[in-house]
Amino acid sequence: MDSLAQDLKLALDRVSFAKRLGLEPDPWQEDLLRSTSERVLLNCCRQSGKSTMTGVIALRRALYHPGSLILCLAPALRQSQELFGKVLGFYRDLGRPVSPQGERKLSLDLENGSRIVTLPGSEKTIRGFSGTSLLVLDEAARVEDELYFAVRPMLAVSGGALMMLTTPYGKRGVFYEAWSGGQGWERYEVPASRCPRISEEFLEEERASLPPFIFRQEYQCSFEETEDQVFTTDLIDRAVTDEVQPLFGTGG
Ligand SMILES: Nc1ncnc2c1ncn2[C@@H]1O[C@H](COP(=O)(O)OP(=O)(O)OP(=O)(O)O)[C@@H](O)[C@H]1O
Ligand SMILES: [Mg+2]
């Protein structure tokens, strides 16, 4: 195939684009890549490839739809940056097919007018973007409601797409609400049993090592009732923070 035909095929086909990046999409990933939905929810187990696939979709949009503004957002800047890092890595792997105007730690500006921007997970600092063509919310089950309410209007005038991806985190929050009852969403549920890179043996080891509700949450796409837990996940998270001094001496 000559390079123009190759370019055209990539422009039309997100699956070919992913393959060009060295990824052989899993069946659910292929469905996602072929989807034209503008409202997508991914309820996927850990390490299933949800950030990777979203990164592929974000980069392809930036390259083939000039003038696109793509925002990567997560509860914490570190997590948004991880997603952006995947996009940047793919862009470099492809040999920068559209020239960069600015290639920074938190954003990529392309010569075709497209921009990919990493946002910190704080409602106060993210206002002011408009004309967004794709908004990606990674770790969406842990995004504060206020943050979600602050970003949604960024899609208002542009009619941009919204993708929310996550592993579940209890029956609460905007992702859970959308997943369990929201209208107009295309939903993908991907437990570890559908991820060919997670072995049976590893899963058994995890099952034996984790509290059952954590195992169900991390690997089986389950939004766990907090009431059947003695300690909620929130409490456990807070209990293991290293920002708080222990009440009792640690022997020192
Ligand atoms: N189709 C695929 N072929 C090969 N490797 C893949 C594929 N999809 C994902 N991976 C690899 O699987 C690993 C996990 O991917 P990724 O970080 O996207 O998962 P995730 O679901 O976002 O995980 P986490 O819940 O930890 O954020 C990465 O090393 C990624 O390159
Ligand atoms: Mg991820």
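Reader: Which residue stands opposite Leu 110 in β4?
Author: Pro 100 does. Pairing here requires that DSSP finds at least two bridges between two strands. Strands are DSSP runs of E, at least two residues long, and helices are runs of H or I with at least four, both numbered from the N terminus.

Reader: What kind of model is this?
Author: It is a predicted model, where local features need pLDDT of at least 70 and side-chain atom pairs count only at pLDDT 80 or more, while totals for chains, interfaces and linings use all residues; side-chain values use heavy atoms, without hydrogens and water. Residues are numbered from 1 along each chain as its sequence is written, and chains are lettered from A and ligands numbered from 1 in the order in which they are written.

Reader: Back to β4. How many bridges join β3 to it?
Author: Three, and the two strands run antiparallel. β3 covers residues 100-103. Together β3 and β4 make a hairpin, with three residues between them.

Reader: And what about β5, parallel or antiparallel to β4?
Author: Antiparallel, again with three bridges. β5 spans residues 115-119. Leu 108 has Ile 116 as its bridge partner there. β4 and β5 also form a hairpin, this one with four residues between them. Gly 113 sits in that turn and has a positive phi of about 90°.

Reader: What is Ser 107 in contact with?
Author: Beyond neighbours within four places in sequence, it touches Phe 84, Gly 102, Ile 116, Val 117 and Thr 118. Contact means heavy atoms within 4.5 Å. Both faces of β4 are covered. Ser 107 and Asp 109 are buried on one side, Leu 108 and Leu 110 on the other.

Reader: What is the strand order in the sheet?
Author: β3-β4-β5-β2-β6-β7-β1-β8, an open sheet of eight strands with mixed pairing. β3 and β8 stand at the edges with a single partner strand each, so one side of each has no neighbour in the sheet. The twist averages 15° from one strand to the next.

Reader: Which strands run parallel?
Author: β1 and β7 do, joined by five bridges. Asn 43 has Thr 166 of β7 as its bridge partner.

Reader: Which strands does α5 lie across?
Author: Helix α5, residues 77-93, lies across β2, β3, β4, β5 and β6. It runs at about 155° to β5. Axes are lines fitted to C-alpha atoms, for helices over the stretch in contact, and angles run from 0 to 180 degrees between N-to-C directions.

Reader: New topic. How many aromatic pairs?
Author: Seven. Rings of Phe, Tyr and Trp (its six-membered ring) pair if their centres lie within 6.5 Å; planes under 30 degrees apart are stacked, over 60 edge-to-face, the rest tilted. One of the pairs is Phe 17 with Tyr 64: the centres are 6.1 Å apart and the planes at 85°, so it is edge-to-face. Phe 17 is in α2 and Tyr 64 in α4, so the pair ties together parts 47 residues apart in sequence.

Reader: Are Phe 17 and Tyr 64 buried or partly exposed?
Author: Phe 17 is buried, at 0% relative accessibility. Tyr 64 is partly exposed, at 28%.

Reader: Which residues form a ring cluster?
Author: Ring pairs link Phe 175, Tyr 176, Trp 179 and Phe 223. Tyr 176 and Phe 223 are both buried. The buried residues of α7 include Phe 175, Tyr 176 and Trp 179. Among the elements covering the buried residues of α7 are β1, α6, β7 and β8.

Reader: What lies over the face of Tyr 169?
Author: Arg 142, at 3.6 Å from the ring centre, and Arg 172, at 4.6 Å. The rule asks for NZ of Lys or CZ of Arg within 6 Å of the ring centre and within 35 degrees of the ring normal.

Reader: Last one. What percentage of the chain counts as buried?
Author: 47% of the 252 residues. The chain has ten helices and eight strands.

Methods
Buried < 20%, exposed > 50% of the residue type's maximum accessible area, 1.4 Å probe, protein only.
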